[in-house]
Amino acid sequence: MAVLVNFKICDNAKECGGIAVCPTGALSWNEEKATIQIDNDKCISCGMCEKECPIGAIAVAKTQEEYAKIKKEIDEDPRTTKDLFVDRYGAVAISDFFKIELKEIKDKSEKDCLTLIEVYNPDVAECLLKSIPIKELTKTLPKDTLFYKAESDKVLEEFNIKELPSLLVFKKGKLLGHIDGYYTTDGKETMLSKLNVIINK
Ligand code: SF4
């Protein structure tokens, strides 16, 4: 009858297990719109996709009543993808707002204020998920501190980075220092003291 996806908590990724197992193409990936696409004319309510979703974002309705009930639940679901990432991975998703290109690092770091740029490997999930949410660090720094994230699949020799992720600290275009490697929340104090050493030297 119909499949419903709760996009409030869905990763909305091409790799969706539901798409992979759907025998009819009712669930597919729309490359142009970069989203999971639903064609309920093709859905046979087999339930295979529902079993594949690890967070329960997919639900299958066999009747109109079930459809209305599930839709109401989704409409009233107060969660967001932000909650999903915190709940599932212990860290928030990276906002596109902070993302810059590697080639922009020099330009972005020219300002008089402190500028932190985290370089991370997008292919290594741990790199994204284990790093401490930046607000944990920036709340101890001057209010005008800027923060960006840049993707790189290899360490950057020009900044002498040994390991990703790396947090580069700039002021007026000068690299004051960088902190390399993973820091979980347990390592927050260590990271903060390293940051202070870099800023105050
Ligand atoms: S219920 Fe079956 S047919 Fe319908 S979307 Fe899911 S896997 Fe595809």
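**Close-up 1. Serine 45 in the loop that leads from strand E3 to helix H2.** In this predicted model, serine 45 is found in the loop between strand E3 (35-38) and helix H2 (48-52). Although serine 45 is not a glycine, its phi is positive, at about 55°. Serine 45 counts as partly exposed because 16 other C-beta atoms lie within 10 Å, a number that falls between the limit of 12 or fewer for an exposed residue and that of 20 or more for a buried one.

**Close-up 2. The open sheet of five strands.** Five strands, in the order E5-E7-E6-E8-E9, form an open sheet in which the pairing is mixed. Strand E5 (99-100) and E9 stand at the edges, and each has a single partner strand, so one side of each is left without a neighbour in the sheet. Strands of a sheet pair through backbone hydrogen bonds, in either a parallel or an antiparallel sense. E5 and E7 pair in the parallel sense over two bridges, and isoleucine 100 stands opposite alanine 150 in E7. E6 and E7 also run parallel, joined by six bridges, and here tyrosine 120 stands opposite glutamate 151 in E7.

**Close-up 3. The antiparallel pair E8 and E9, with helix H8.** E8 and E9 pair over six bridges in the antiparallel sense, and the bridge partner of phenylalanine 170 is leucine 175 in E9. Helix H8 (residues 188-200) packs on the sheet, where it touches strand E6 (114-120), E8 and E9, and the direction of H8 makes about 160° with that of E9.

Close-up 4. A cis peptide bond, with omega about 0°, joins leucine 164 and proline 165, and proline 165 has its place in the loop between strand E7 (146-151) and strand E8 (166-171). Lysine 172 lies in the loop between E8 and strand E9 (174-180), and this residue has a positive phi of about 50° although it is not a glycine. Lysine 172 counts as exposed because 12 other C-beta atoms lie within 10 Å, which meets the limit of 12 or fewer for an exposed residue.

**Close-up 5. The largest nonpolar core, and another core apart from it.** The largest nonpolar core has 16 residues, of which Leu116, Ile117, Val119, Ala150, Leu167, Leu168 and Val169 touch the most other members. E6, E7 and E8 each supply at least two residues of this core, and E6 gives the most to it, with five residues. When its neighbours within four places in sequence are left aside, leucine 116 is in contact with Thr145, Phe147, Leu167 and Val169.

How values were computed
Residues numbered from 1 in each chain as written. Predicted model: local features only at pLDDT ≥ 70, side-chain atom pairs only at ≥ 80, totals over all residues. Helix = DSSP H or I, 4+ residues; strand = E, 2+ residues; numbered from the N terminus. Pairing = 2+ DSSP bridges. Contact = placed C-beta atoms within 7 Å. Axes fitted to C-alpha atoms, helices over the stretch in contact; angles between N-to-C directions. Core = buried A, V, L, I, M, F, W, Y, C linked by C-beta atoms within 7 Å.
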